[in-house]
Amino acid sequence: MRTILFILQKEFLQIRRNRAMIPIIFIAPIIQLFIMVNAATLEMKNISICIVDNDLSSTSRQLTNKFSSSPFFKVTGNTFDMNEARLQIESNKAQMVLNIPAGFEKRLVRENKAEVQMLFNAINGTVAGIGNAYANQIMMGYNREVIAKWIGISKNMPTMKTIEPIPSFWYNPDMNYKIYMVPAILVILVTIMGMLLASMNIVREKEMGTIEQINVTPIKKIHFVIGKLVPFYLIALFMLSFGLTIGKLVFNVPFVGNLGMLFAVACVYLLTVQGIGLLISNSANTQQQAMFVSFFFMIVFIMMSGIFTPTDSMPQWAQIINYFNPIAYFMKLIRMILLKGSEFHDIYKDFMILLGYGVVMITLAVMRYKKVSN
Amino acid sequence: MSERETIITVSHLVKKFGDFTANDDLNFEVYKGEIFGFLGANGAGKTTAIKILCGLSKPTSGNATIAGFDVYTQKDDIKNSIGYMSQKFSLYEDLTVTENIRFFAGIYGMTRKDIKIKTQQLLAKLELEDSAKKLIKDLPLGWRQKLAFSIAIVHSPKIVFLDEPTGGVDPITRRQFWNQIYEAAAEGVTVFVTTHYMDEAEYCDRVSIMVDGKIAALDTPQGLKQTFEAESMNEVFIKLARVAVNN
Amino acid sequence: MKHFKGFVIKEFYHIFRDRRTLAILFIMPIIQMLLFGYVVTNEIKDAKIGILDHSQDVVTRKITDKLASSGYFIITKVLSNETEIEDCFRKGTVKEVVVFEPDFAIKLERDNKASIHLIADASDANTANLIVNYTSAIVNDYVTKENKTVTIPMQIGIESRMLYNEELKGVYMFVPGTMALILILISALLTSVSIVREKELGTMEILLASPLRPLQIIIGKVMPYAVLSFVNVITILLLSNFVFGLPIQGSILLLLLECMLFIILSLSLGIFISTSTNSQQTAMMISMMGLMLPAIMLSGFIYPLENMPLILQWICHINPSTYFIIIVKNIMLKGLGIMSVWKETLVLLGMIVFFITMSVRKFKIRLE
């Protein structure tokens, strides 16, 4: 036990001396939170639109006004030439083109039906889809206004049935996507600390040759491993607290649930992650290898964890893989606890799986570490 | 000589890696308090043998006891009674002098109080008081080496293994380093040293020369020079190597 | 020159000997493509929803069936009162609860009007929004069909055309981004770490003392990574063509040349990072924070630049990946020529010159 204290003291000294560590612990969370939280939004505003109005009627002008006054669109060009408009899309100056052909108003009044054309730059399918939906909403709204104006609402409308969907958004009535991303980024930070940096740190001793010196001392393998893992375990928990504080103060993330339970989940999760990190460090001889293998698993696991997109919508095989993806569990639980205030009996099953996973991984890793080193 | 107490006993020690025999039937004894030179060309099997004696790897067959402990079953006891310093630098470059001393003394089970006293003694002896708070990487190579040796014997081990300890340092530092070794030996520490500097072999009490995994010769430097009718240890070594090549 | 050849061969050997890393290097782009192609999509599919039907009539059952058979939703929970909603959300068993008011069909018949309450778990605002929109669309679709007999006067028809990507496939978006990410990862991150490693282990001094010139050392070190990167570009293009059916509209030659340019830029970034730091961990963190993260988040890879706060948009504009992604999209997806990307190409060239000059300057200072 006393040996472990000496190892811990040494590890903390080395971490403190490592010029990279302080920025990693204090600055990286801030940068990550700021960038990822602000950048990761599909809430579209200012979709650039180029308007081709060859009708120049009051109806067409009202229609284009609808677009220019909408917060979702920003008119970046006006032209009469469709080729010119297409060039705007080609050169990324406009994301969409609204084409109102000549004789639009006339046809609408005389033939009771007229068409407009909308072109989208659909390379980003999601954005084009959302843009299309917004544009359609505007068109339909305007259509209703036109009908009301020309025909009058009372005469014709009652014959049509309407079902009105009334949405309520629980836990987040402002539809603030940021509060959803903050916990996710904390998960990534904790994972980088517990898995990537811990595994690199163990391999560092191999690479620098100091492990040889350790091996001839009476230090027990298990003590050495504990001495190596504990500092990163504690730093990871510290980073979680630090990140939560920023999340609360800067991004106003609600802490609906029990923070104690959140930390309990984090402690269990870290066991798993450190186990994986230790396994990786066993099979690596250089920090570069350790980094690369950890990186590979991290990117795959993070992408699959539901960080950006819901896991339910993933294909079956991905959902099966996610049963073995520790990041997916933590990602889910931290959001449930923080944002919805889920209680222990709500997360009981996932918590137990994570706990089992953690115990198995860390035991496996420590056992294998002993074997390999002998 | 033979009535002296033996501290390392090696008999019929064999270590194989697959088909390759790194150590082929080694037999020797090392006496308490002597400086035992363990010589051989690169790849002759020195490092393999040292690893076995330090309890880092198991022999394929044969026996060896270190300070009375068996290499098969009492690895932990061996590790507690030996010190080790390798050709690669084994101090933590990002820790200071005192921190290195404290760490290594600590893991050998010394108490905080003893460590403090020992640190003061060491710093005074090495005249490193002014550099106590310097990082190892900021120290000149020679100082690091001296410090590494002092730390290797900080817990007063019975035996200290030195694996090519003087690689890459200048002759003056080497000379000073050997003075340290003599001092330690005078205090009763057995020194087991590998080197490929033949002039250093002259400083040893007894020398064994390994060729192709076997011990080709073992005697005092004086005795070896007589047997091989050589002027210097260097000549002895070349003669032995030539025999090996001719075979 | 003979020394140099030997050195380059040694560097290649060094990388190719480590089978595991090599395997990951080759598999990485494939896995990434599969992940983005099949897993990380913004489409809603099989979202779990609950139904709370206070009316239990023909119409509500029809709408429920329509929701269930749409492919977007799976009805995993049938609730009997409002108090159960909270519990479902807390357990995470459903993402939305569709509530039909009492006497739904009767109201619709009598008043021509009825309402559906869509309660969404908006802790994930993006998904909640999509789910509510999809549900509303399905409900609207039902009503429109019911109203078929009624003719609507003065209807504005909309003809939407999706240019370049009619089916709105996600693959169009992530191929350019994945290319940027992989090239940054291999050319910049791995290169910087491997050069710093030589410094950390002290072997750099040995190399510098050899008859090799500093420039040769650097070129020799980065050469294997350049080759690897290029192989990965080919892999990604083949995959996107044969697995995801994404044709290369423009000139392949031009596309490959631009990729080469970006590889050289990434390598010079890697070299620049390695001249500025002495520890592998630092090099890794700088590459991760300074290059990888922006390559994913601040390049238009997943999230469009236009929606970001101004300061992030500025960062996007000094991010090499942003320009590379525009170039790839224009050539590969829009089928445009060099005229459409000359500005971006010049920016990349300028960056190469900048980073190489900076590196040489730092390197010289170190040597003196």
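Two residues are taken to be in contact if their C-beta atoms, placed from the backbone, lie within 7 Å. Under this criterion, residues 24 or more positions apart account for 68% of the contacts in chain B with a separation of 6 or more. The structure is a predicted model, in which local features need pLDDT of at least 70 and side-chain atom pairs count only at pLDDT 80 or more, while totals for chains, interfaces and linings use all residues. Residues are numbered from 1 along each chain as its sequence is written, and chains are lettered from A and ligands numbered from 1 in the order in which they are written.

Chain B contains 9 helices and 10 strands; helices (H or I, at least four residues) and strands (E, at least two) are DSSP runs, numbered from the N terminus. With a radius of gyration of 18 Å, close to the 18 Å that the globule rule gives for 247 residues, chain B is as compact as a globular protein of that length. The radius is taken over C-alpha atoms, and the globule rule is 2.2 Å times the number of residues to the power 0.38. Along the principal axes, the C-alpha atoms of chain B fill a box of roughly 55 × 40 × 40 Å. Buried residues (20 or more other C-beta atoms within 10 Å of their own, with C-beta atoms placed from the backbone) make up 42% of the 247 residues of chain B.

Chain B holds an open sheet of 4 strands in the order β2-β1-β4-β5, with antiparallel pairing. Strands β2 (20-31) and β5 (69-70) of chain B stand at the edges, each with a single partner strand, so one side of each lacks a neighbour in the sheet. Two strands are considered paired if DSSP finds at least two bridges between them. Strand β1 (residues 6-17) of chain B is joined to β2(B) by 8 bridges in the antiparallel sense, and B:K15 has B:N23 of β2(B) as its bridge partner.

At the interface, 19 residues of chain B are in contact with 16 residues of chain A. On the side of chain B that touches chain A, α3(B) gives the most, with 4 residues.

In chain C, 5 of the 5 residues of strand β3 (residues 96-100) are buried, so the strand is largely enclosed by the rest of the structure. C:E96, C:V98 and C:F100 point one way from β3(C), whereas C:V97 and C:V99 point the other way. Strand β1 (residues 47-53) of chain C pairs with β3(C) in the parallel sense over 5 bridges, with C:V97 the partner of C:G50. Strand β4 (residues 113-121) of chain C runs antiparallel to β3(C), joined by 5 bridges, and C:H117 in β4(C) stands opposite C:V99.

Key. Buried ≥ 20, exposed ≤ 12 C-beta atoms within 10 Å, placed from the backbone.
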